[in-house]
Amino acid sequence: MSEVAATGISVLLVDDHPIVRQGYRRVLESQGDLHVVAEADNAADAYSAFKAHDPDVVLLDISMPGASGLEAIRNIRARSPRARILVFTMHNEAVLVKAAFSAGASGFVTKSSEPSAVVTAIRAVARGERAMSDDIAHILAEDSLSAGSALDQLGEREIEILRQFAGGATTEQIATHLNLSVKTVQNYHYLIKTKTGARTDAQLVRLAATCGLTKI
């Protein structure tokens, strides 16, 4: 990564909505020290852009067509364990926040946050700090005091597979999105049912909706 203090902070902006990318490119570049060096609208292109530009910070959404931001986090961190990734999304469910941090995210802010909060979080992540918007910090605090979610024992890969399955993707589509074999996805499906206690696929979908992974 480049020297942040000397050259400012280079940012890779990842979101599947062009209007969001355009709006936040303007916000970030108006700061003077933040420079958007590349954009991507899906997990695969995000990984390619990271390899090509080696940005100081990756700002990405979790919800994207195909493989989600969770998979992008996993792949980027596998290539560069020092990568600094800030999740920027409309989702504020504790299970997704924890899955993002488990995958290797450095911070998590919601799209309801003020632009100034996003800028502050980018700078904090670039310094190697963990950053969260106030609502996310509150949600995690509440979750730590509660009985927890039925999905807490799932890993981030299992969360991602459940999210896609509950969203209507077939086993073959999930395998393609995540570069896995169909048999591996089927094995994950079985493990997810075992860990959550779901007996049917319909129960899995309802559980995913209850925990905020999808809507029914």
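## The annotated span

UniProt places the feature "domain: Response regulatory" at residues 10–126, in an unreviewed entry; its positions follow the numbering used here, feature names are shortened, and annotations may be inferred rather than shown by experiment. The end C-alpha atoms of residues 10–126 sit 9 Å apart, and the span is 48% helix and 21% strand. Helices (H or I, at least four residues) and strands (E, at least two) are DSSP runs, numbered from the N terminus.

Keep in mind that this is a predicted model: local features need pLDDT of at least 70, side-chain atom pairs count only at pLDDT 80 or more, and totals for chains, interfaces and linings use all residues. Residues are numbered from 1 along each chain as its sequence is written, and side-chain values use heavy atoms, with hydrogens and water left out.

Now for α2, residues 18–29, where you'll find arginine 21. Arg21, Tyr24 and Leu28 are the buried ones in α2 (buried means under 20% relative accessible area, exposed over 50%, partly exposed in between, with a 1.4 Å probe and protein chains only). On the other side of α2, Ile19 and Arg26 are exposed.

What do the buried residues of α2 pack against? They pack against β1 (9–14), β2 (34–40), β3 (57–60), β4 (85–89) and α6 (115–126), with contact meaning heavy atoms within 4.5 Å.

## A closer look at arginine 21

Arginine 21 has a relative accessible area of 12%, so it counts as buried. Leaving aside its neighbours within four places in sequence, arginine 21 touches Leu13, Asp15, Asp16, Glu39, Ala40 and Asp41.
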